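Please examine the complex shown below. The explanation that follows leads through it step by step.

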Amino acid sequence: MNINQQHRLKRYFFKGGHLFLLFIAMSIICLPGLWIVLNSFRPTVEIMAKPPVWIPNSLSLEHYRAMFGSVGQGGIPVGRYFMNSLVISLTSTIIAMLVAIAGGYAFARYRFRGKSVIFVTFMLTRAVPGVALSLPLFIVFAKLGIIDTHFGLILVYVAMNVPFSIWLIDGFFRQVPKELAEAAEIDGCTRWQAFWKVEFPVAKAGIASAAIFAFLTSWNEYALASQLTRSVFSKTMPVGLLDFTSEFTINWGGMCALAVLMIIPALILTFIVQKHLISGLTFGGIKG
Amino acid sequence: MASVSLRNLVKTYGKTQVVHGINLDIEHNEFVVLVGPSGCGKSTTLRMIAGLEPITSGDIGIGDNVVNELPPRDRNVSMVFQNYALYPHMTVRENLGFSLKIAHQTDEIIKASVINAAEILGLVELLERRPSELSGGQRQRVAMGRAIVRDPDIFLFDEPLSNLDAKLRAQMRIEIKKLHQRIKTTIVYVTHDQVEAMTLADRIVIMRDGLIEQQGTPLEVFETPVNTFVASFIGSPPMNLLPATISDSQDAVILTDGTSLLLPSLYKSKVSARQSIVFGFRADNLMPIGHGLSPGLETAQIELLVNLSEPLGTETILFGDIAGQEIQAKMFNPRPVSFGETLTCELNLSRCHLFDRESQERLR
């Protein structure tokens, strides 16, 4: 075997190994999701079967029918929960983005006293686990009377999302050369116009990805929402999952069906925004 | 169309002063090049004229107005940036028309102005492309086009050619010069490249450490540099500068190895005995006999041991030692020169420069 063949074999071997490892990694990531989707379509007997049934014998929409059905037959107010989730996630994302765009821009462009300390403090707030805050938050919110309201949860999610979003958006604005804004100012823009007409559009892709992060964080959050919501008027979908548990049983099929419903809007949103995540938008304006 | 005047212009960052009260008058339609090594304050000065950098003290006048506090948009200047600063999310057409759109011009006016600028700069075919789809030279032209469209009083160029390769740079240099002849506007141009400065400028302003060292036409600063800094900065290859002393009899220059050269007659009355000086001459005033200098000049003969030669075709640059210091000489109508060869050279004394060693100023 000559040296070239050896190297070719080696390359095939590495490629094969690479694909195998990727398969394992993707399986670990995807299997739970796949299992949920599968379970939402099959009878409870099969879900609970031991050893597990990998290939379903029959698929049905039974769990979905029950979930949307009347309360007595295992139905829950899905529409209501969905609207709560949507209103809370969207509003908190929009507010968090407005704050984070302003903050991120300030960190990227301006020099001010205590800048790095403030920045590190923001990051430190991420180090505190959300659940640890639930009791103090509960007490404060109870005193303020904003438990079980949209407003309360929106407030919590804005606070959760702002520091991380600022950090992300700061990075994106740093990639926008400051000469672009200067050129715009010379071209007749005010500082404000230069931002909205040049810097913001150039950093838009990055801001969109920060927005997805913020939205998904709010959409999926369970720990705090389960403490701060009480009734159908404010419960979000993750909290709604708990409606499928009762004292002695857990309705796994129904839970999976609701989980699938939760995943769908998140997927749709990610795909919509992904179109706008055109990387390399900042390239070309300057040398390179 | 306007003149620019800088009066005692000072710029300080924190405690560091980077521009130390410079005065400069730029006339209407003049092409002025600010040149100097990096960190000399030339870009800062330009940015202060543009209004991108607030001034610490002093005055900036454009036309008859003092514009110290005016934002960039109210100064009617255009600027071409070193990295072009094209708007990456807009096509070439939108880039060119952006300033007019901001000024709420009608679509017809915008269209006409954009086409006009595109025709001047040969950009017509590129109008629908985005900056990322253009080559370096094309981006540079779009940046210039964006500046032209506004029909500004003053054009500001901040090292616009430094990101281009040598060939393109030479080409764009010519285009900028043509552009100036065509649109006849005041231009302030910043560069660290003395060749650009020499070829483009009506007037060169040489800066160092936040001060203006000398200003004048390219030939003035080339032929009568006021100090050793200007002498070594302007001209390529740089001026040869050798430490020397004036002889007791005040009629000769003694180099450090004892070589005695006749004192150039121009300096007869300007030196004193045993004065420490720097003796300067350019490569094209030291040539092997029969390879360049015309007869009848006031010359001195020097033996040059050649360490290295750079043949450039019409001329060869010779690197050799005089008084233990590396100097450069030129050879026209060149013949091959080998390493270690000793050539008898003629030095054109009438083109030599004497500087005071302590102050580094030209003797006058």
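N240(B) has F281(B) as its bridge partner in β14(B), in a model that is predicted. The two strands involved, β11(B) and β14 (residues 276-281) of chain B, pair in the antiparallel sense over six bridges; strands count as paired if DSSP finds at least two bridges between them. Helices and strands here are DSSP runs (H or I of at least four residues for helices, E of at least two for strands), numbered from the N terminus.

Strand β11 (residues 240-246) of chain B also pairs with β12 (residues 252-255) of chain B, again in the antiparallel sense, through three bridges. Within this pairing, T245(B) stands opposite I254(B). The two strands form a hairpin with five residues between them, and Q250(B) in that turn has a positive phi of about 60°. A residue is called buried if 20 or more other C-beta atoms lie within 10 Å of its own, exposed if 12 or fewer do, and partly exposed in between, with C-beta atoms placed from the backbone.

Another part of chain B holds an open sheet of four strands, in the order β2-β1-β4-β5 and with antiparallel pairing. Its edge strands, each pairing on one side only, are β2 (16-26) and β5 (65-66) of chain B. Strand β1 (residues 4-13) of chain B is joined to β4 (residues 57-62) of chain B by five bridges, and L6(B) has I60(B) as its bridge partner in β4(B). Helix α1 (residues 42-50) of chain B packs on this sheet, where it touches β1, β2 and β4 of chain B, and its direction makes about 115° with that of β1(B). Such angles run from 0 to 180 degrees between N-to-C directions, the axes being lines fitted to C-alpha atoms, for helices over the stretch in contact. Contact between two residues requires their C-beta atoms, placed from the backbone, to lie within 7 Å.

Chain B as a whole contains eight helices and 20 strands. Of its 364 residues, 44% are buried, and its C-alpha atoms fill a box of roughly 75 × 45 × 35 Å along the principal axes. The average pLDDT of chain B, on a confidence scale from 0 to 100 for each residue, is 91, and 100% of the residues score at least 70.

How many residues does each chain bring to the contact between chains A and B? Chain A gives 21 residues and chain B gives 25 residues. On the side of chain A, the elements that give two or more residues are α8 (178-186) and α9 (191-220) of chain A, and α8(A) supplies the largest share, six residues. The predictor gives the complex an ipTM of 0.86 and a pTM of 0.83.

Chain A is divided by an automatic or database domain assignment into domain 1 (2-64) and domain 2 (68-287). The C-alpha centres of these domains of chain A lie 31 Å apart.

Residues are numbered from 1 along each chain as its sequence is written, while chains are lettered from A and ligands numbered from 1 in the order in which they are written. In this predicted model, local features need pLDDT of at least 70 and side-chain atom pairs count only at pLDDT 80 or more, whereas totals for chains, interfaces and linings use all residues.

Methods. pLDDT = per-residue confidence, 0-100.
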